[in-house]
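Please have the sequence and the model open while reading.

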Amino acid sequence: MSNGTFYVTTPIYYVNDKPHIGHAYTTVLADVLARYHRAAGDDVWFLTGTDEHGQKVEKAAAKNGMTPIEQCDTTVVRFQELWKRLGITNDDFIRTTEERHWKIVQAIMQDLYDRDLIYKAEYKGYYCVACERFFTEKDLIDGKLCPDCQREVDTIVESNYFFRMSKYQDWLIQYITEHPDFIQPAFRANETLGFLRKPLEDLCISRPKSRLSWGIELPFDKDYVCYVWFDALINYISAIGYGVDQARFERYWTSCIHLIGKDILTTHSVYWPTMLKAIGLPMPKTIFAHGWWLTGSRKMSKSLGNVVNPMDMADKYGVDAFRYFLLAAMTPGNDASFTEEDFLQRFNTDLANDLGNLLSRVVKLSIKNFGGTLPAPPPLQPLELELLSKAALAVKQLENELNAMKLDRGINAVMNVVREANKFLERTAPWTLAKEGKTDRLAAVLYTAAQTLEIVSGLLFPIMPEKMTQLRRSLGLSEEEIVKTDFQSLSEFADPSATKRTMVDMPPLFPRIVVEKPEEAAPAKPEKQKKQEVKAPKTKDVVVPEGMVTIEQFFKTQLRTAKVLEAERIENKTRLLHLKVDLGNGDVRSLVAGIAQQYAPEDVIGKTIIVVANLMPAKIAGFESCGMLLAAKNETGLKLVTVDGGDAEPGLTVG
Ligand code: MSP
């Protein structure tokens, strides 16, 4: 990561409704990547925006008694305000209703039409309004339901314009196969290749105005508007000057990483590359699909009333803690569970206890014993050198994990150093050194801990910019030093200027959040402690007898139906089968199961089984295992747990 160009995009969000945690996650992830790359000196461009055309927006406008553009103008502000609140540093914000965008869409359509890559034909299809997508009969569930959202589709027969997408099928298969970085994680590339095993059809890219008028008019037929996805995908190039400022466009385009959610994989991994190929443009570097945030183990949906509002979280617990949670709690690529309990637990452990305490101990002891300015330490002892080398190692670990898009693991490596630093203080006991007047050793211990904090706060800076600024200010860093957080500088831990700084005390960085127990009268607390604590919303505390779990604890385990797509034996492993299972919504996983002595591969293919979907992935016998299947055990062997009737669709919640 250094001195290159880095162009990162989020999906452009529909303006039919206010933003939710899924939108916030992708945008915070993009922001954090952009900040790391900027710190490394890269030429960064970070784009986000809104998708303003199409039936969804038109319908929302009608429902709200507005014109479509009024709906857009009202809702776009919610996104822009949220990004401001969450400290998002996007360089541009594109709205598809802007002239700079629709003019390019029209120019591209005209060019493709002139080159016979767009043609007119009669069309019969099935349309899902919620997903804004057409499907063929074979795609549908039970001949009538959308394969993505399971809502009933509309049948439509009409004349329309088509993009010759089918022409590029072989090219796309070859491109994906030859460019392993193109679609990530790798299992999403496999999923796309799986989709491309069926013949690829041409893409219907128009809508007659008689049915939908809210869109970009086709330049060659005034009775039609452009299909919203064909319009939307082009934002990634119209925003950086395609067709207008070629130099700027070329500077950024091929370094582009598109961050998307797993539900919009096909539009990005099939429609978009074939569109670019037809236009005559190179491909973006990477399309990265992350998983979904679930509420506990359930899908977030308005009808269930369990959608997490990011603005509320930021207001309640602070922007940086929310940013931290989003990135620390989700392994990019997999689904993650959100509950306020988990949030509070992580807040109190990682931020209040581990990081906040470390800072407060170091600063208070340095002020008390040295007026805040540490003297030059004597030569460091092995324990001190060990901690500093662990911190230096974390710099490398975070950099590597970031490049592999495993930010949660990078964060964990950094937080492990924080925990090590607290242990180091327990072992070296600077408070005793102070009492015993061992000033030299005390200086060495505090110097080591302060240097460790300087490194970890630099590493966490892109994730929690406000809090890490405060932390670094408290360590006595100058405004210039505070923002110097590139990996190179952070590896140079033996900073001689450190002893010239003066540390300053400040209120706790992350005051512990106390969950109030409504029934118990809380014992009186000292005034000082009261000030440092923030009250969390009341949740009912339940005493759980040993060996029992609450319903919330049970639902932390996500059990889902899964269909076994493939199965094979593993060489030299008589107990194991390697399976490919479908968990619905495009979530196809590799899984290793110890059932080979009871089941041959052909016995399990096609079976609908139950899988623990949120188990930490592990490598077993050289294969990635993302989940665990359920089986009943007795002395003679195993019996797979299957679903009554055996025909339930994959991805259903069990419980
Ligand atoms: N407008 C299209 C994208 C066009 S990009 C050229 C769109 N918009 S959206 O507002 O419906 O969704 C935007 C993103 O939110 C998608 O990437 C989707 O995966 C993501 N999420 C929606 N619900 C989510 C969760 N519960 N969790 C994580 N992300 C989720 O699709």
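For the class counts below, Ala, Val, Leu, Ile, Met, Phe, Trp, Tyr, Cys and Pro are taken as nonpolar, Asp, Glu, Lys and Arg as charged, and the others, Gly among them, as polar. The model is predicted, so local features need pLDDT of at least 70 and side-chain atom pairs count only at pLDDT 80 or more, while totals for chains, interfaces and linings use all residues. Residues are numbered from 1 along each chain as its sequence is written, and side-chain values use heavy atoms, with hydrogens and water left out.

**The pocket**

A pocket is found on a 1 Å grid over the protein atoms alone, as an open set of points where a 1.4 Å probe fits, with protein on both sides within 12 Å along at least five of seven lines; its lining residues have an atom within 4 Å of a point. The volume is the space filled by probe spheres set on the points, which are joined across faces, edges and corners.

The second largest pocket holds about 1600 Å³ of space. Its lining counts 47 residues, and Thr331, Asn334, Asp408, Met616 and Pro617 lie nearest the centre. By class, 21 of the lining residues are nonpolar, eleven are polar and 15 are charged.

Helices (H or I, at least four residues) and strands (E, at least two) are DSSP runs numbered from the N terminus. Helices H6 (186–195), H12 (319–329), H13 (340–370) and H15 (407–428) each supply at least two lining residues, as do strands E17 (336–338), E22 (588–593) and E24 (618–620). H15 gives the largest share of this lining, six residues.

**The sheets**

Two strands pair if DSSP finds at least two bridges between them. Four strands form an open antiparallel sheet in the order E6-E5-E7-E9. Its edge strands, E6 (133–135) and E9 (203–204), each pair on one side only. Three other strands make an open antiparallel sheet, ordered E10-E12-E11.

| Strand pair | Bridges | Sense |
|---|---|---|
| E5 (118–128) and E7 | ten bridges | antiparallel |
| E7 (154–163) and E9 | two bridges | antiparallel |
| E11 and E12 (221–226) | two bridges | antiparallel |

Individual partners can be located in the model. Lys124 is bridged to Val157 in E7. Phe162 has Cys204 in E9 as its bridge partner, and Phe163 has Leu203, also in E9. In the other sheet, Glu217 is bridged to Val225 of E12.
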